[in-house]
Every structure is written in structure tokens, then in C-alpha cells.
There are 2 protein chains.
Amino acid sequence: MTSGGYRAVDLIGRKRDGGELDAEALRWLVDGYLARRVTEGQMAALLMAGVLNGFTDAEARALTDALRHSGETLDLSELDGPVIDKHSTGGVGDDTTLIVSPLLAAAGAQVVKLSGRGLGHTGGTLDKLESIPGFRVDLSPDELRAVAADTGCVVAAQSERLVPGDRAIYALRDVTGTVGSRALIASSVMSKKLAGGADTIVLDVKCGDGAFMTTPEDARALAELCVEIGVEAGRRCTALVTAMDQPLGRSVGNALAVAGCVEAMSAPPSGRLAELALDLACHGLALARGGHPDATREELTRLWRDGAALERLAAMVAAQGGDPSVCDRPREVLAAAPVTREVSARDGGVVAAVPARGIGELAAGLGAGRTHEDDEVDPAVGLELRVEIGDRIERGAPLAVVHARTDAAADRAADELRRLVRVGPDDVPAPPTVLGRRADPR
Amino acid sequence: MTSGGYRAVDLIGRKRDGGELDAEALRWLVDGYLARRVTEGQMAALLMAGVLNGFTDAEARALTDALRHSGETLDLSELDGPVIDKHSTGGVGDDTTLIVSPLLAAAGAQVVKLSGRGLGHTGGTLDKLESIPGFRVDLSPDELRAVAADTGCVVAAQSERLVPGDRAIYALRDVTGTVGSRALIASSVMSKKLAGGADTIVLDVKCGDGAFMTTPEDARALAELCVEIGVEAGRRCTALVTAMDQPLGRSVGNALAVAGCVEAMSAPPSGRLAELALDLACHGLALARGGHPDATREELTRLWRDGAALERLAAMVAAQGGDPSVCDRPREVLAAAPVTREVSARDGGVVAAVPARGIGELAAGLGAGRTHEDDEVDPAVGLELRVEIGDRIERGAPLAVVHARTDAAADRAADELRRLVRVGPDDVPAPPTVLGRRADPR
């Protein structure tokens, strides 16, 4: 319990009594937790004290540093040109990575994206990509650099040797009710980004009932803290605050999400998912090159429309062992669920709510997500929404198509979906997707 | 993580967000912690949320019940007459158990006292008794009842099968900075008392820098909650709130504490330790028999003065395997430290402070106490104070005698003691020992 002049119980007591922990103490706690010198109970008590009394921004910075240096870091210096990493704080139908990465690669940037698995109601990029037959996400650092150098983009699993401190503490936060803290979220996100080695970081901070941050104020504060930490560490960093009250993309699931992205990239950019993906790409490219995001929009729109972006996606899929024909005939290549069911509206009117969290949990309940870290996901199941907030619909119009493993599961999901999607008599304006930006101050 | 309709993370979240947990949920958590269905991190997060947001009195009652029923309970119904248990919340030089138990036995009551080990700066009754050669504290329920029936009093270790929930949670609280909560202290104390089976409970709630409760208000509130819980469970219960700013007895250590008690019982009651012991015994006997505490004072004083109480102590020592001649020649029978050193005052004046916590830590540092649960204690070391708050002393007068294992340890202790004991020019009144009473309302 005693080492390096510290006792865990004293540091916990300081935080419990409203005090602040310095960088050395936080690093001692993180390293001690990995070395089992600080117990699970002690770390959990510290986290709860911090959640209730608040961690300061200085503590968030120190914690980021402690987590970042808890394991290996990825060296990307041998890659040519700017290396961009794009990160979302997690949401439902949130598939921008699958579009932004090849789009930026088409523009000459390198995108190295280390991703996590889905947990709870949020989907995971790795789970989605693994629905492509043959696709490998567990790449060694050498493989990762090789794919990036070759195709301009790579999306892979974060190595267990990268930020093990975050991995351990995140798993503990998840089961101890200590997820929702700005400083803890910022340090978790930024430690991974800084250890990941990219010089340019584009953050998508989600806000709404399907996100960690439910108010725009909290989301903006989180975005600001993350950008500050990134800039202080010498990276180019920017953040968009975006809405997560309804799912971003209309396809919620794994294979369905991949199909949705391929189909979006096969047409001119349109719809909330495509527009946000384009926006994020504009910000990433402008940040990497210097200049205003709008200056890159025409170039990126052209790369999208002429198929260069989709071509890069096919190249990445092939380089990571997957079947690239998924980019031509996604519905044929990807697994399909045995049962599909169209769910129709019981009343006409205007769609007032498509609650992201509820929809995410519904998809997870069908088998698309996991409750525990070691659950298996079903690639084929999920749902395809046909409506979004502000749409005027007739009675009997399709709300969604459910893709399920069994008839019973499809019936339950259809009932739940009708309960979730609120349709009312009054006009509701389509809400904005981008709620704010926090640009790199340089 | 899921069982009985509950998820630990949801219950933690409720407490984190300021809500209240009902009896069923608290029992599920306690049982689940023992069954490892609730993890150490989850219990620690819950405890910290409760420490910071407060547990209600209803939660304290429910928690007491859950802990009490987490293991076996002791059946004392076959014992004749009232069975009294006396409990102190823990302090320094706090040896009243060694006096109160035989004194009440001499008056015809049965005293069954289940005790714990010392931890941190507070001494443990078991450690003190074990300094008597041969004394056994690990008695089976049958042995315990036999000693009580035979001699009228028994002081033994709490069985591991009694309130295992409290045992497990107390160990966790100790290392996670979650000790200091009224509800947690009350439920820990009262679950043990209720499982211990006595029908009459006398509590000594300590207050001051050497106690969990540092203000009289907090100590009174703790006393009130404990008595309420005891009375609701159908026991006779009373509490004194007593000062713990300076050590209660002047002998701090294990063998030294026993010698101090024997010497106190060999003379008419005088001094703070003897007076509080007499006071506690008066309250216990009055509560057991009915009537006012003052009505029992004359009888108990007589039993003290004529040696009947000391005789009972000798009988109990013998019945528990110890050498009863400790009650005649304590300094010969008990282990002595190789080094003794008198510490004299550098300045004359009035003693303003003899800080209990500091003195307790000093004695623990000499080897009399333990930092970890499995540390061994040294029976012989400790210190004998020669002064208390309010004493007027000359320069060079003895402050204390240090009993140490080595010269170096004695030197360090002497320096520390001179630093701790504050002597000033101004008169300081001798502070009261009893600060308040919380009687059984019946």
C-alpha cells in the first residue's frame, strides 16, 4: 500500500475532501493500479470521489499524461505527409469513420485510426468492419504502418500494449458508475489519441440522449478540454460538437452500417451522416494542411462524387484481408439476417423523436451490440430507419426495417420501435447536426 | 453482474445521484459482495458515493440488518440474568473494557464482550489481553458461554462466522478512505452488537482528534443513531459521548495497559479512566436492572474497593487460560521492554495538549499497534504518561516513560513525545470526560 512516499488511502482522502492531486500522485495511482499496488476498490473509490467532487482541468491533463505513458506508444514518423486520426465520443448510427478515413486518404492524407469495440447502446467501428468477410482488425504496428503507407488509411484495434492504464480504468469505470466525468472522458480519449501517434486529431464530441454528454454546455466543455490537451501535447487538434439525440446514420447494426456507408459513398453526399462525414473530413484536411475547412470542401466533394473515396475504402478492405467487392455489391457480400420486417407507422403526422439511446439498445437487444466486453456480436441483425426528426409521414408509412435472427425477436423489436419513434400532430423542425466547433487556437 | 432484478451499477448510480437505497437493495449488495457477485470496485464506489452524498438513517438501519444477517448470530439465551455488552468506538488508552466487564460481573450481571484487534492509532482489547501469558481470545461459542456462566464475564475475538459482511466491508473501508460516515460506523457497530446476542448494550462513543468523530455534534448524532437501531431491534441500549482529545488511560500499549488497569482496580476508583469505567458500569447495570445509573454507583464502588471486581478479572483470566497472578503482581508476570526512558519537560507551565492520535501513532510506531491487519504487535512496548491536560508542571518534570525495544526507538519516541505534548504559560482547565448521554428512550 505504501511506495514512493504515497499511500493510496491518503490520496483518495485528499480527493474525497475536495483537494487536487498533482501529476506525480496521479501517475503513481495509474501505474500502481496496473501493478496491483493500488487495489480495484481504491481506484473505484478515487474515481467516485472525483466524479462527485470534480476533477480539475489540471488533473485531467496530468491523468492523460499518466495514461498515455502507461504502455507503448505508436511511432508513425516514417509515414509520409500529415497523419490524421479522427475520433468520436460514441453514438448510434455513427459511421463517419468508414467514410472519413478513405475520403481523407483520397485527398493524400494518411489516416491511422485505432478503434474500440462497441459497448452498451453504442456501436463499434471494429464490429462493423469485421462484418466484412475476411477483414482483420488485429494488426501489428508494422502491418498498420504498411497498410497506411500503401492505401493511405487503416482502421485497426488498439493494441493491448497501448494505454493499458486507460483500458483497465475504463473497464472499472464502466461497472462502477463512474463513466460520466468530463475529466475522465477527456483523459481516456486523449491518452489514446496521443499514444496513437497521429499529428492531426479531429474529434467528434457527441451530445444528446445517446451520448455521455447530454447538454451542449457539457459537450462544449469536453471538446474544449480535449483540444487544449491535444494542443498542449504539440498536436494539431480540432473538435466538432454534434447532435446525438437521434441516430446519425439510418442503418444501425454491423453489416447494415457497412452497407449504408458504401451506398452513401456511391452517391453524391446527402443526408446527415454523409454531411457530417464531409464536414469532419474538411476540418481534418484543413487542419493538416493549414487553411479554412471550406477551402477543402470542393476537392473532397469531387473525390467523393468521382468514386476516389470508395476506391480507397476498397483498397483498405483488401489490404486488411477483407473482400473488396463489398464496395460494389455490399448486400451480396455481407451477411443477411434470416428475418426482415417492415415496421409501419400507426398514426400519420410529424416525427418528433427517434431516441438514439433507445434505438441503440434495441439494436443491441437484437444481437448487434454487447452488454459485456466478451459478448459476441451478430453481424447481420439491426435496423434500417426510414424516418428522422421533422419528417412528415402518412399513417402506415414505413418507420424502419428490422433485421432479426428470429420472428419473435423481430416482433419484439417492431413493437419497441413503434413505442420509441414518436409521431405527433405539430411541425417539428429538422434539428441541426453540428452544434459547435472548437478549433485549434493556432 | 445481474441477479435478483438488480444491477450493481444501477444501484451505485442511484446513490451517486443522491437517491436512497431500500432494504432489499442493500441486502442484495451486502450478500452480493460476500458472494463476489458485486465486485470490490463496485462496493468501494458505492461506499464513496454514500460517504460524499450521505446515507440516510433508514439506510443505516437497513444496512445494519443486512450486515447482522450476513452470517451466524450468537445465542446467549441460556445464560442466567441480563447479558451486557459494552462497546467503545475506539480510542487511545481506552481500557475501560478490562475494568467494566469484571466490575459488572461482580454485581451479578453477565458480560459477553466480542472484541476486535487494534488498527492504526487505536489499541485493541484483544491485543492487550493477549499480553497476559497463556490468555486465549479465540473461543468457540460453547467455550464463550461456559466462561460467561462460570465467571460472569468473557472477552473474546469475534468469530469469523459472525457478521462476515461487516468484516469484509470494514476491511475495504479501511483502505479506501470511506471509514468516516455516521451511517457506516453505526451499522458496523450495531450489526456486531446485535449479532453478539447481548440484551443490554452500553456504547461509549468517542469524540475528538483521536476518534472517528471529531465534533460533539457528530458524536452525538452517531450515539443517537446507534441507540435508535439497538432499541428498534428490541435491545436495551444506551450511549455516553466521551472525550478522546487526550488518551483516556495513562498507559498506552498492551502489557502496560493491562498493568495500568490492574493497578487502577487495586486502589479506590480515581482518575479519568477509572471514573469513566465506573460511569459506564453504572449505566450498564441500571439499564439491565431498570432504574437510575446513580442508584448503582455505591454498590459498584464498594465492589471495586473491596477487591471483588479484581477477583472477577483474575477468574476470567484463569478461565481463558491466562496466568491469574497478573492481578497480584502485574509487572512481574507481564513482558517488560528492554529499554525504558523517562522523558522530561523542556519548559515549565501548564499542559495544554496531549494529542490522542499522535500518542497512539507513537505507541504503534514503537510496535504496540499495527498498520496492517496481519502485523504482529509487541506486547511490551508503549508509554506511560505522567501528565494530562490542565496539569501545572515544572521544567524537567517527567512527561512520560517510554518503553521501547531499542535505544534508537526510545530516542525517537522521546523526541516525538516532547513535540506532541504542548506546555504553555496559560492556565488550562482539565476538560470533562463525559460530554453527553443518549439514554434508551423507554
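Biologist: Which residue just after H16 of chain A takes a positive phi?

Modeller: That is A:Gly367, with a phi of about 120°. Keep in mind that this is a predicted model.

Biologist: And H16 itself, which of its residues are buried?

Modeller: The helix covers residues 356-366 of chain A, and its buried residues are A:Ala356, A:Gly358, A:Ile359, A:Gly360, A:Leu362, A:Ala363 and A:Leu366.

Biologist: Why would residues three or four places apart point the same way?

Modeller: An α-helix has 3.6 residues a turn, so residues at that spacing point the same way.

Biologist: What covers the buried residues of H16?

Modeller: The cover includes strands S8, S11 (382-385) and S13 (398-404), together with helix H17 (407-420), in chain A.

Biologist: Stepping back, what domains does chain A have?

Modeller: The assignment gives domain 1 at 2-54, domain 2 at 83-330 and domain 3 at 335-424.

Biologist: How far apart are the centres of domains 2 and 3?

Modeller: The C-alpha centres of those two domains of chain A lie 24 Å apart.

Biologist: How many residues are in contact between them?

Modeller: On the domain 2 side there are 24 residues, in contact with 30 residues of domain 3. The area buried between the two domains is about 2100 Å², and carbon and sulfur atoms give 50% of that area.

Biologist: How many salt bridges are there between domain 2 and domain 3?

Modeller: The count is three. A:Glu388 and A:Arg250 also form a salt bridge through their side chains, at 3.2 Å from N to O. As for polar contacts, eleven residue pairs are counted between domain 2 and domain 3 of chain A.

Biologist: Which elements supply the domain 2 side?

Modeller: Strand S8 (251-253) and helix H11 (255-265) of chain A each supply at least two residues of the side that touches domain 3. The largest share comes from S8, with three residues. By type, the residues of that side divide into nine nonpolar, nine polar and six charged.

Biologist: What about the loop between S8 and H11, which residue is found there?

Modeller: A:Asn254 is found in that loop of chain A.

Biologist: Is A:Asn254 buried or exposed?

Modeller: A:Asn254 counts as buried, because its relative accessibility is 2% and the cut-off for buried is under 20%.

Biologist: What is A:Asn254 in contact with?

Modeller: Leaving aside neighbours within four places in sequence, A:Asn254 is in contact with A:Gly124, A:Asp127, A:Lys128, A:Ser131, A:Ala368, A:Val377, A:Asp378, A:Pro379 and A:Val381.

How values were computed. Residues are numbered from 1 along each chain as its sequence is written. Chains are lettered from A and ligands numbered from 1 in the order in which they are written. This is a predicted model: local features need pLDDT of at least 70, side-chain atom pairs count only at pLDDT 80 or more; totals for chains, interfaces and linings use all residues. Side-chain values use heavy atoms; hydrogens and water are left out. Domain bounds come from an automatic or database domain assignment. Contact means heavy atoms within 4.5 Å. Buried area is the accessible area (1.4 Å probe) that two parts lose on being put together, summed over both. A salt bridge is a side-chain nitrogen of Lys or Arg within 4 Å of a carboxyl oxygen of Asp or Glu. A polar contact is a pair of N or O atoms within 3.5 Å; within protein, one must be able to donate a hydrogen and the other to accept it, and residues adjacent in sequence count only if both atoms are side-chain atoms. Helices (H or I, at least four residues) and strands (E, at least two) are DSSP runs, numbered from the N terminus. Ala, Val, Leu, Ile, Met, Phe, Trp, Tyr, Cys and Pro count as nonpolar, Asp, Glu, Lys and Arg as charged, and the others, Gly among them, as polar. Buried means under 20% relative accessible area, exposed over 50%, partly exposed in between (1.4 Å probe, protein chains only).
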